[in-house]
Amino acid sequence: AVAERAGYTATTIYRYFANKDDLLFSMVAEGLAAFTAALREGRDVGEDPLSRIEGIGLAYVRFGLDHPALYRLLFIQRPDFLGRSRGDIQTLRVESFTLLREAVVSAMSAGAARADDAAAVSMSLWAVVHGVTSLAITMPGVSRVQADHMAAQAVGWCIQGLRT
């Protein structure tokens with residue numbers, strides 16, 4: 001189907017990809033690169049440490065809402081690809097989480113967030129935005145307005161909980 005949509009025969013696409021998993025790996029790598037860029041943009045709109053965390057969280061949800069099929073591939077349907085040993089995927093996966101963890105460490109170091117285990121706090125924040133995103137793109141009847149509102153509330157509550 002991918003070949004057909006691109007205007008190629010099914011056999012032609014296998015000149016570029018060894019098999020279906022190779023094609024999916026390529027999509028995951030490109031998707032993670034775009035996802036990481038979106039998180040970086042979200043972080044960079046904030047001027048203070050907590051607003052950087054908020055920007056990352058909102059960018060996470062926005063990415064999933066803007067690219068639901070890609071988000072499903074990355075984090076819902078085939079998360080096994082994230083754990084495989086292909087270097088580009090591992091690097092991008094680590095980089096996306098590192099952006100959040102560094103923002104959390106920065107907020108704690110600046111005294112804007114209470115001191116805690118930065119990795120555990122980062123995983124908890126990731127879980128919140130993943131939950132909002134997953135619910136918004138898989139639950140029938142959730143509008144974009146509702147999803148944006150859920151994201152703003154959930155991220156806002158997380159930021160309140162981080163404050164010193």
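Predicted model: local features only at pLDDT ≥ 70, side-chain atom pairs only at ≥ 80, totals over all residues.
Side chains of opposite charge can pair when their charged atoms come close. Across the whole structure, a search finds 5 salt bridges. One of them joins the side chains of Arg40 and Glu95, with a distance of 2.2 Å from N to O. This pair connects distant parts of the chain, since Arg40 belongs to helix α3 (residues 20-44) and Glu95 to helix α7 (residues 87-109), 55 residues apart. Arg40 has a relative accessibility of 28% and therefore counts as partly exposed. Glu95, at 29% relative accessibility, is likewise classed as partly exposed.

Further salt bridges were found elsewhere in the chain. Arg43 pairs with Asp44, and the closest N and O atoms of the two are 2.7 Å apart. In the salt bridge between Arg114 and Asp116, the closest N and O atoms are 3.0 Å apart. Arg114 has a relative accessibility of 40%, so this residue counts as partly exposed. The value for Asp116 is 44%, which also places Asp116 in the partly exposed class.

Helix α8 covers residues 118-138. At 1.5 Å a residue, its 21 residues should span 30 Å, and the distance between its end C-alpha atoms is 30 Å, so the two values agree. The N-terminal end of α8 is capped by Asp117, which has a side-chain oxygen 3.1 Å from the backbone nitrogen of Ala119. The buried residues of α8 are Ala118, Val121, Ser122, Leu125, Trp126, Val129, Val132, Thr133, Ser134, Ala136 and Ile137. An α-helix has 3.6 residues a turn, so residues three or four places apart point the same way. Among the buried residues of α8 are Val121, Leu125 and Val129.

About 120 Å³ of space lies in the largest cavity. Its lining consists of 14 residues, and those nearest its centre are Ile53, Gly57, Leu100, Leu125 and Val129. Leu125 and Val129 are also listed among the buried residues of α8. At least two lining residues come from each of α4 (49-66), α8 and α9 (144-162). The most is given by α4, which supplies 5 residues. By residue class, the lining of the largest cavity comprises 12 nonpolar, 1 polar and 1 charged.

Definitions and conventions:
Residues numbered from 1 in each chain as written. Heavy atoms only, no water. Salt bridge = Lys/Arg side-chain N within 4 Å of Asp/Glu carboxyl O. Helix = DSSP H or I, 4+ residues; strand = E, 2+ residues; numbered from the N terminus. Buried < 20%, exposed > 50% of the residue type's maximum accessible area, 1.4 Å probe, protein only. Expected span 1.5 Å × (residues − 1). Polar contact = N/O pair within 3.5 Å; in protein donor to acceptor, adjacent residues only side chain to side chain. 1 Å grid on protein atoms, 1.4 Å probe; cavity = no way out; pocket = protein on both sides within 12 Å on 5 of 7 lines; lining within 4 Å. Points joined across faces, edges and corners; volume = space filled by probe spheres on them. Nonpolar A, V, L, I, M, F, W, Y, C, P; charged D, E, K, R; others polar.
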